[in-house]
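User: I would like to learn how to read the features of a model like this one. Please take them one at a time, with the general idea before the case.

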Amino acid sequence: MKTAIATVTLSGSLPDKLQAAADAGFDAVEIFENDLIQFSGTPRDVRQIADDLGLHILALQPFRDLEANPGPIREEKIYYVQRKFEMMHELGTSRMLCCSNVSPLCINDPKRAAADLNHIAELAAKEGFTVGYEALAWGRHTADYEDAWNIVKLADHPALGINLDTFHMFSRGNTLECLRDEIANDKIALVQIADAPLLQMHDFLQYSRHFRCFPGQGDLPVVEFMQVLKDKGFDDYISHEIFNDEFRASSAKERAVDGMRSMIWLEEQLQPQESQEAKPEVTDYEFIEFAIEGKEGDKLIMMLEALGFTENYRHVSKDVGLMQMNDINLVLNRERESSAHQHYKRHGASVCALAFTTNDANASLKRADRYRMRRFSNQAGPGELNIPAIKGIGDSLVYLVERSKKFRFFDIDFEQIEGVETADLGLKRVDHVAQSVSNTEFLSASFFYKSVLDFNIDPAQDLPDIYGLVTSRVASSPNGNVRLPINMTEARQASPQRFIQRSQGSGVQQIAFACEDIFKMAAQIGEQNILPIPENYYRDIEARFQLPAEQIEKLKAANILFDRNDDGEFFHCYTREVRGVFFEVVQRVGNYQGYGEPNAHIRFAAQAYLNEWNALLTL
Ligand code: MG
């Protein structure tokens, strides 16, 4: 696949955008005209920079409101186009893209539009250029690609083709029939591929400007579109053209890599099933690693001890401990010469790594390499396991561990601490791990799990914090054992932002453990550590679920939240926060698969009230 990216997709100066596109491995760029006009050098300088980076300049775009104008404007547009042709020569590009007219003055006459485009194509052909005509979803009289195609057919000029932009097509509900049945490959001037979440938005301009994302990050049928092109034998460039506020506010380098990851994912989706290599599968959590130092590290350990954990293993050569209970392994890293220490210095006491079990570690790593993930290796002593890692969310690492039938990681690298009992105090396994990320990292984070680790991504949900809206998506492993809610908010005081400010970046904010007796667990955690839940909540659930008075009293006394749906019941309680990090204990009954989402607003409010109360106490 020949890959391109429009410079409008990335942030920063034009040279920075070109550098980021080249570093990420794109073959070509579309130059967004504003980027060129704002640049202090000449179009020839841009061409030189692109040449030096090995980037082809695919197109100059967009040209607006060129067709079906009333008399005098028509002449002005021809003059304008001819001046821009000069810039295209200097840039060394041969494709110009024009978007359907949005002006209220535009005449509703396809023949007139076709005649104008024929004239522009004739002028372009004399320069050795081609013209692509694109239906903007909010075009005045041409908004569907089928209508743009009719005008291209009417114009009937060899230098004129249709520009296909998946956002415009799918936001309006266009189908692929016309592309499949009518449009020949040599009449496709350019393919721009963009995704978006499925929204019922009728202001297409706002939808396009603020919600576009890379293919695979949204819900539009971009794979079906690519399959139609593949079936037709189309082999020209595929270009990302993504208007997105968050992309424009974040690192050009990181977003360009996300864009390339999206291209790799698209290509993978088009592989026939039979020729695909078996995908490695993440099957479980192996361990969760904390960078644990200082007073806050001690507080985190005290909270874990309140949950029933004991440091019962010690690393054979490093200052690293392990808390193990049933299927839960919490690594406590205090080693000064380690990536954990670097994480501690930047973020304080925190989760610095997640380790997942995979059925084939080598294949998982090969896949991570293919998706251009950065690899890390730890410093293993003689005879110790060297567990490979890739970069995860924020500055954290993701370890990929293949579980041997004969031994577990702690059998090799750790020894049991003498005299410390490994007691079963009720927690059975990690239920889910929630990560809070900045708004600029939200799409990237969920796409990392979807592409590199082949996780399923649930549609986004909005959860109300008392200080703003929190958006949440859950990434889960194919077998459902690993579940990772990813949370984001734009509100400064809402829970995920408070965490990000405290810990100086995105990371794990919450770990939920599964138990079989939530009342016993709540008693063990104790009133001083548990998150207090307001009494009104229990009157509400009594009214909603008609629970017996005795059960309501039990839930209230233990600060346990409750939910029920057709699949089963869900009991859960929370610890108080330590530097924004907190723990949850859950008991699932029946086949309940959710996370107690109807109670999320209660948890957010309870945390916010407690924070304010604590702030008052420290005045
Ligand atoms: Mg476009």
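Analyst: Start with burial. A residue counts as buried under 20% relative accessible area and as exposed over 50%, with partly exposed in between. The model here is a predicted one. Asp 165 has a relative accessible area of 2%, so Asp 165 is buried.

User: Where does Asp 165 lie, and with which residues is Asp 165 in contact, leaving aside its neighbours within four places in sequence?

Analyst: Asp 165 is part of strand E6. Beyond those sequence neighbours, Asp 165 touches Glu 134, Gln 192, Arg 212 and Glu 241.

User: Which residues are the protein donors of the magnesium ion?

Analyst: Donors are N, O and S atoms within 2.8 Å of a metal such as this one, and water is not among the atoms, so a site may look incomplete. Here the magnesium ion has as protein donors Glu 134 through OE, Asp 165 through OD, Gln 192 through OE1 and Glu 241 through OE, lying 2.2 Å from the ion. Along the chain, the donors of the magnesium ion have the spacing E-x30-D-x26-Q-x48-E. Asp 165 belongs to strand E6 (residues 160-165), whereas Glu 241 sits in the loop between strand E8 (238-240) and helix H11 (245-248), so this pair ties together parts that are 76 residues apart in sequence.

User: Is Glu 241 buried or exposed?

Analyst: Glu 241 counts as buried, because its relative accessibility is 4%.

User: How should I read two packed helices?

Analyst: Two packed helices are described by the angle between their axes and the distance between the axes. In this model, take helix H3 (residues 43-53) and helix H4 (residues 71-91): their axes come within 7 Å and cross at roughly 30 degrees. The crossing of H3 and H4 is right-handed. On the H3 side the contact is made by Pro 43, Arg 44, Val 46 and Arg 47, and on the H4 side by Met 87, His 89, Glu 90 and Leu 91. By residue class, the contact of H3 with H4 has 4 nonpolar, 1 polar and 3 charged residues.

User: How far apart in sequence and in space are Leu 105 and Asn 69?

Analyst: Two separations are read side by side here. Leu 105 and Asn 69 are 36 residues apart in sequence and 6.7 Å apart in space, C-alpha to C-alpha. Leu 105 lies in the loop between strand E4 (95-99) and helix H5 (110-127). Leaving aside neighbours within four places in sequence, Leu 105 is in contact with Ala 68, Pro 70 and Ile 73. Ser 339 and Ser 396 can be read in that way too: 57 residues apart in sequence, 9.2 Å apart in space between C-alpha atoms. Ser 339 belongs to helix H14 (residues 339-347) and is partly exposed, with a relative accessible area of 41%. For Pro 158 and Thr 422 the values are 264 residues in sequence and 77 Å in space, C-alpha to C-alpha. Pro 158 lies in the loop between H6 and E6 and counts as exposed at 74% relative accessibility.

User: Into which domains is the protein divided, and how many residues do domain 2 and domain 3 give to their contact?

Analyst: The division is into domain 1 (61-270), domain 2 (282-416) and domain 3 (427-617). The centres of domain 2 and domain 3, taken over C-alpha atoms, are separated by 23 Å. Their contact takes 38 residues from domain 2 and 43 residues from domain 3.

Definitions and conventions
Residues numbered from 1 in each chain as written. Predicted model: local features only at pLDDT ≥ 70, side-chain atom pairs only at ≥ 80, totals over all residues. Heavy atoms only, no water. Axes fitted to C-alpha atoms, helices over the stretch in contact; angles between N-to-C directions. Helix = DSSP H or I, 4+ residues; strand = E, 2+ residues; numbered from the N terminus. Left-handed = near helix turned anticlockwise from the far one by under 90°. Contact = heavy atoms within 4.5 Å. Nonpolar A, V, L, I, M, F, W, Y, C, P; charged D, E, K, R; others polar. Donors = N, O, S within 2.8 Å, 3.2 Å for Na, K, Ca; no water. Buried < 20%, exposed > 50% of the residue type's maximum accessible area, 1.4 Å probe, protein only. Domains from an automatic or database assignment.
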